Amino acid sequence: MDKLEAKNVNVFYGLNKVINDVSISIKPNSVTAFIGPSGCGKSTFLRLFNRMNDYIDIFKMEGKVEIDGKNIYDKAIRVEELRKKVGMVFQKPNPFPKTIYENIVYGLRIQGIKDKNILDETVEKSLKQAALWEEVKDKLKNSALALSGGQQQRLCIARTLAVEPTVILMDEPASALDPISSAKVEELIYELKNNYTIVIVTHNMQQAARVSDTTAFFYMGELIEHDSTKIIFTNPKNERTQNYVTGRFG
Amino acid sequence: MNNAVKNRIKDNAFKYFGIACTSFGLLMLAIFIGNILIEGLARIDWDFITNFPSRNPDKAGILPALVGTLWIMGLTAIIAIPLGVSAGIYLEEYGRKNRLAKILEINISNLAGVPSIIYGLLGLEIFGRIMGMGGSLLAGASTLSLLILPVIIVSTREALKAVPKSIKEASFAMGASKWQTIWHQLLPASFGGVITGIILALSRAIGETAPLIVIGALAYVPFVPASPTDEFSVLPIQIFNWISRPQKGFAINAASAIIILLLVTFVLNGIAMYLRNRWQRKVRW
Amino acid sequence: MSHLDIELQQLKADTIKMWTLVNLQLVKAKESLLNLDKDLARQVILSEKRVNASELKLDLDCENIFALFNPVAVDLRFVLAVLKINSNLERTGDIAESIAKFVINVDKTFDVKLLEITRAVEMFEAAIKMMDEVMDAFDKENTLIARKIFQQDELLDEINNKANTIVAEYIRNHTENIEPALYLLSVIRKLERVGDQSKNMAEEIIFYIEAKVLKHRSDSVKNKK
């Protein structure tokens, strides 16, 4: 069964239609890249899956967004529960102004987990998964803000992993990083796909090509083409996709 | 003369104009403080602080006024901080950003600019008469709380606004509720700003005279107030009272009392600055 | 190990797999020629389909690596080299197939004496050895081994150059064996091509490891390090 599925989704900001009749299905344990020019709606669409758009006053949507076959916009869904299952990593590394340790356990603390053993275990496990353990294991009590940008971003990924989501949404996770840190984050994404379903928005087409299994091209709020990344980058079916991936857009 | 030279002359001219303006302000302050110090410093001793007011300027002290000021500060803080901070949090985080919110926002900012004597009249009517508190400490503190509420609300909102949106998003994305996000992230991160606002508001309240006179604070208090329902005096009123007397000795007393009042204000401001710097060092974005 | 490294390793493994297959085709072609084993020759012709399939797969893999990973520097040269080695291998596979076809078409065994005077068997073995060694050079990323190939090719050229005269002489004396003799001459021509393919592949290996272009240079230059 598909992990994520959107059916005929329309999104409005006030009177502006920013997503126009998009349907997509995403397989479990895969990396899907959303590409497209700025303002094409890919970030907005990504944020539908953990309902981060709900905070925008003028946001309105139609259609269905399903995770594991359940409509997440159903009245019975508690959005806090949903977000434990669907983690998110943002463009700019945004660790909390707390220690590295507190950053990781935040998700558990707000769930009311106090057992020190569980917290300690989670910190080690998540940092190892995010390939950060070796770099920070001796300074868990230091401020997370003292880490480098790339380490901060991997910390944010570790923080997300700590609550054991099944889906991870990434909104341009490497765009604010230098090439080396960016490559590390990419390798991490590649590793994580064995256990998680990952959706990544990126402006960097090479990044999409390198890390993803399937790629979806958005343009003007519409999903133009969604296919295996190999096809999108060697033989796209749609001319607009071809123009975009070859850099001849416009 | 070409343009670059002209621009440089203009640039320099403005620089010296700015220096002149700044020195003018500093000079006035120096003259004022120097004057007060010369006149009043010699009069300050332990007796001056522990004596009650007296008809004899040499025996008069500020004890009831100083204690009254501390009482007023404490009560005002207890009343105004929870109200102001909560209102600030509500308006910034919970209130929907519609037209009503905008009107509310403008009015709160306007309230901060209302002359303090108007608050005195309001306090006299509502706290003094309708609620029957009379000229008590509680009535005074309530009135001053009203006076500084807008400042606390506005500064709380500004401090919350200064927390990057990314932190809020991160917290929500981790599955935190709104209250958890405010309690665990926004308040700790904005604590420095909130505290600074509170202390600046309190140091404004400490110098207020007019509203307290209006609600009936006494100029002559021969006792130390012991409970919130007692009548009271505060330092500014004591100063005002002494200044208006003809004897030279009271003028010196007033100068000495001003030094004490300035000291208290500076200490409060100092604490505010210390806390702000401390928190800013800790929280770097 | 990075994602790209894994892909490149896979590409190398697939190339070596195809290479082994092509070398086996040559060995089988040789055996079928010596023993006039038509069954073995048919096997070679059948296996040629696998060689072609491998060529298509390697082409596609290279295309994907270019499109998805944008390799640069040594990685770029490696993929370019594989792309060319791939077509060299495919042609070598074709040669093995056409030799096998000769074996099927000829109705008489090759005269042992003819094989001896043309040194065809020696040539065949030398060609196979060259192919093996280039593959070894590719596998070990060793340009020293690759450089030795250019010398070995001289033997093949020598045998090929003399073959015309020798076969003409033989035909004059053995008019009953004209047809096998002509086939053998063709085989010798083909083997000379195998030597050329090996040389090309050695050049590609040196290009990818040392970033030196050796094409169309004299052999003496090639031997210099």
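1. Basis. The model is predicted; local features need pLDDT of at least 70 and side-chain atom pairs count only at pLDDT 80 or more, while totals for chains, interfaces and linings use all residues. Residues are numbered from 1 along each chain as its sequence is written, and chains are lettered from A and ligands numbered from 1 in the order in which they are written.

2. Chain contacts overall. Two residues are in contact if their C-beta atoms, placed from the backbone, lie within 7 Å. Two pairs of chains are in contact, and of these chains A and B share the most contacts. Chain B and chain C are joined by no contact; their closest C-alpha atoms lie 29 Å apart.

3. Chains A and B. Chain B puts 18 residues into this contact and chain A puts in 19 residues. On the chain B side, helix H7 (165-173) and helix H8 (178-206) each supply at least two residues. H7(B) gives the most, with six residues. Helices (H or I, at least four residues) and strands (E, at least two) are DSSP runs, numbered from the N terminus. By class, the side of chain B that touches chain A has eight nonpolar, six polar and four charged residues. Here Ala, Val, Leu, Ile, Met, Phe, Trp, Tyr, Cys and Pro count as nonpolar, Asp, Glu, Lys and Arg as charged, and the others, Gly among them, as polar.

4. Chains A and C. Nine residues of chain A are in contact with eight residues of chain C. Helix H7 (179-192), helix H8 (205-211) and helix H9 (229-234) of chain A are the elements giving two or more residues to the chain A side. H9(A) has the largest share, four residues. The chain A side divides into three nonpolar, three polar and three charged residues.

5. The six-stranded sheet of chain A. An open sheet of mixed pairing runs in the order E6-E7-E8-E3-E9-E10. Two strands pair if DSSP finds at least two bridges between them. Strand E6 (86-89) and strand E10 (222-228) of chain A are at the edges with a single partner strand each, so one side of each has no neighbour in the sheet. Direction ignored, neighbouring strands are turned by 15° against each other on average. The angles are taken between axes, which are lines fitted to C-alpha atoms (for helices over the stretch in contact); angles between N-to-C directions run from 0 to 180 degrees.

6. Pairings within that sheet. E6(A) and E7(A) are parallel, with four bridges, and Val89(A) stands opposite Met170(A) in E7(A). E7(A) also runs parallel to strand E8 (residues 197-201) of chain A, over five bridges; here Leu169(A) faces Val199(A) in E8(A). Strand E9 (residues 214-219) of chain A pairs with E10(A) in the antiparallel sense over six bridges, and Thr215(A) stands opposite Asp227(A) in E10(A).

7. Burial of E7(A). Five of the five residues of strand E7 (residues 167-171) of chain A are buried. Val167(A), Leu169(A) and Asp171(A) point one way, and Ile168(A) and Met170(A) the other way. A residue is buried if 20 or more other C-beta atoms, placed from the backbone, lie within 10 Å of its own, exposed if 12 or fewer, and partly exposed in between.

8. Strand E1(A) and its partners. Strand E1 (residues 4-13) of chain A is joined to strand E2 (residues 16-26) of chain A by seven bridges, antiparallel; Leu4(A) has Ile26(A) as its bridge partner in E2(A). The hairpin of these strands has two residues between them, and Gly14(A) there takes a positive phi near 60°. Eight bridges join E1(A) to strand E4 (residues 59-67) of chain A, also antiparallel, with Met61(A) the bridge partner of Val11(A).

9. Helix pair in chain C. Helix H1 (residues 3-35) and helix H3 (residues 73-105) of chain C pack at about 20°, their axes 9 Å apart. By class, the contact of H1(C) with H3(C) has 17 nonpolar, six polar and one charged residues.

10. Gln43(C). This residue lies in helix H2 (residues 38-69) of chain C. Gln43(C) counts as partly exposed because 16 C-beta neighbours lie inside 10 Å. C-alpha to C-alpha, Gln43(C) and Gln25(C) are 9.0 Å apart in space, and 18 residues apart in sequence.
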